[in-house]
Amino acid sequence: SFLVGFFLSLASSPLSLNNNVAYRPVNHRIVTVSRYQRLLILKERVLQSPSLVTTNMGTTTEHQQPSTSRGTIAFRAMSCCAILSIGVFSNLPINLQDSAASVSQSLRGGSSTAKPTTMFVLPANETDYAGFHDNETNKDEIALDFYVAGFPKCGTTTLLRTFAQHEETVVPSMEECSLDVVFQDDYAYTRLQQNLKEATNRTDPNLKRGIKCPFGLTTAKGIERLEDWFPSTKLIFGVRHPVFFFQSFYNYRILEVNQGKQQGPIPSPESLIGSVDWIRVSTDNARFERVLAKLGKTAASKEPSTPFKVFLYTLEQMEDDDEERGAQLRKTLGDFLDLKKPIEPLEASNINTYVGNKGFPETIDICDTKHDALRNVLVENGKKTQEWILNEFIKSPDVTVANEIHFAKIISDWGFDPCNATKESVVEKKP
């Protein structure tokens, strides 16, 4: 009955499925909403508009709706219920502006690739409706100005605490990962807003508000939500040598297991070569380009371009003892975020001290010869990663790095085994 009601309603409903056409009531403002929110608004609005404006390729013409029979209203109501039920209970990515073929594909379990650009409207005196958000008009919404989105064990906690202390930035004290991990769109958005509001104890409208979630944009859902809800958000990514990234991440998970924060058993590091991961620890997850490529910033990218500006740094830059280069990193980051006051020197945070002689039985020194095969994989992948970053990613006008020459020198070493320079344990230096 859902399918019958839906397709019969297409013939009589004034809502078009043409991607080039959007309808809106006269004297209403246009806002962009997520797919789930679209369904909620459609449920309330589809039967209520006395007149519509047809907007087609820049031309606008007002139309009066024809009178509607009770039978047509019933079919429309049935279609709304069908669409709402399917969207809520199966979370299919239904786009009301997709073609009928795309809708059919979604109903069969497929995924529509059309971007969620459906236009809906609210009366001028409404500031909040059905969970929708509009940066320019919704006074209760807190904008997301920046997002420390990667990567684990690359100085993201240091940045979180730095921004918590800066006079012009506000961040929640804990990681906020609603964009990537929460299933339902409306709940993800509500939780994100609640956490931002709890962190915002200052009312200065010029404050920059941000969140931190390493591995925060690894899914298409997370990127789509961010683009839907906060398209002007600036992204910050930290990277480091893949060999030490793997060691640090693996040892940190061991610490969490021993602290009761994660569950065992603990796999061997060699079992994590490839795509099989342990709480996101794997050699494939040390290939940072797999996440960065999803932003669509390179000419050869197969991913759609996203509107986000990106700041990319290395942990080695953050830990640099050279005061001039350190100051340049902080200034470039401050300029990227449009901060007027300087960022204070960065102090390392969240360091795992349970390494070396203080480590647990499972703690690894990745420079041990028994891990040679593991390092070989990480180095081979690291060479590909650094070539992609240097030759493609940072060439984008949307990507900013501090001191590009020094940055390039640092990541060029990713194609070499850092343990070959000395067989002394580097765990104490690189936790």
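A nonpolar core is understood here as a set of buried Ala, Val, Leu, Ile, Met, Phe, Trp, Tyr and Cys residues joined through side-chain atoms within 4.5 Å. Buried means under 20% relative accessible area, exposed over 50%, and partly exposed in between, for a 1.4 Å probe and protein chains only. The model is predicted, so that local features need pLDDT of at least 70 and side-chain atom pairs count only at pLDDT 80 or more, whereas totals for chains, interfaces and linings use all residues. Residues are numbered from 1 along each chain as its sequence is written, and side-chain values use heavy atoms, with hydrogens and water left out.

The largest nonpolar core has 61 residues, and those with the most contacts inside it are Phe-151, Phe-237 and Leu-312. Its largest share, 8 residues, is supplied by helix H9 (residues 242-258); helices (H or I, at least four residues) and strands (E, at least two) are DSSP runs numbered from the N terminus. Contact means heavy atoms within 4.5 Å. Leaving aside neighbours within four places in sequence, Leu-312 is in contact with Phe-237, Val-239, Leu-292, Ile-389, Phe-393, Ile-394, Thr-400, Val-401 and Phe-407. A second, separate core of 18 residues includes Leu-159, Leu-333, Leu-337 and Ala-402.

Lys-153 counts as buried because its relative accessibility is 15%.

Two further backbone features lie elsewhere. The peptide bond from Gly-264 to Pro-265 is cis, with omega near 0°, and Pro-265 is placed in the loop between H9 and helix H10 (289-292). Asn-403, in the loop between strand E11 (399-400) and H14, has a positive phi of about 50° without being a glycine. At 22% relative accessibility, Asn-403 counts as partly exposed.

A disulfide is a pair of cysteine sulfur atoms within 2.5 Å, and a search of the whole structure finds 2 disulfides. In one, the sulfur atoms of Cys-177 and Cys-213 are 2.0 Å apart. This link is right-handed, with 110° about the S-S bond. It connects distant parts of the chain, 36 residues apart: Cys-177 is in the loop between strand E7 (169-170) and helix H6 (178-181), and Cys-213 in the loop between strand E8 (208-212) and helix H8 (220-229). Cys-177 counts as buried at 17% relative accessibility, as does Cys-213 at 2%.

A disulfide also joins Cys-367 to Cys-419, with an S to S distance of 1.9 Å. The torsion about its S-S bond is about -70°, so this disulfide is left-handed. Here Cys-367 lies in the loop between helix H12 (323-336) and helix H13 (372-391), and Cys-419 in the segment after helix H14 (404-412), 52 residues apart. Cys-367 is buried, with a relative accessible area of 4%, and Cys-419 is buried at 0%. With the bonded cysteines numbered in sequence order, the pairing is 1-2, 3-4.

Asp-185, Ala-188 and Tyr-189 in H7 meet Lys-221, Arg-225 and Trp-229 in H8. The residues of this contact divide into 3 nonpolar, no polar and 3 charged.

Key
Ala, Val, Leu, Ile, Met, Phe, Trp, Tyr, Cys and Pro count as nonpolar, Asp, Glu, Lys and Arg as charged, and the others, Gly among them, as polar.
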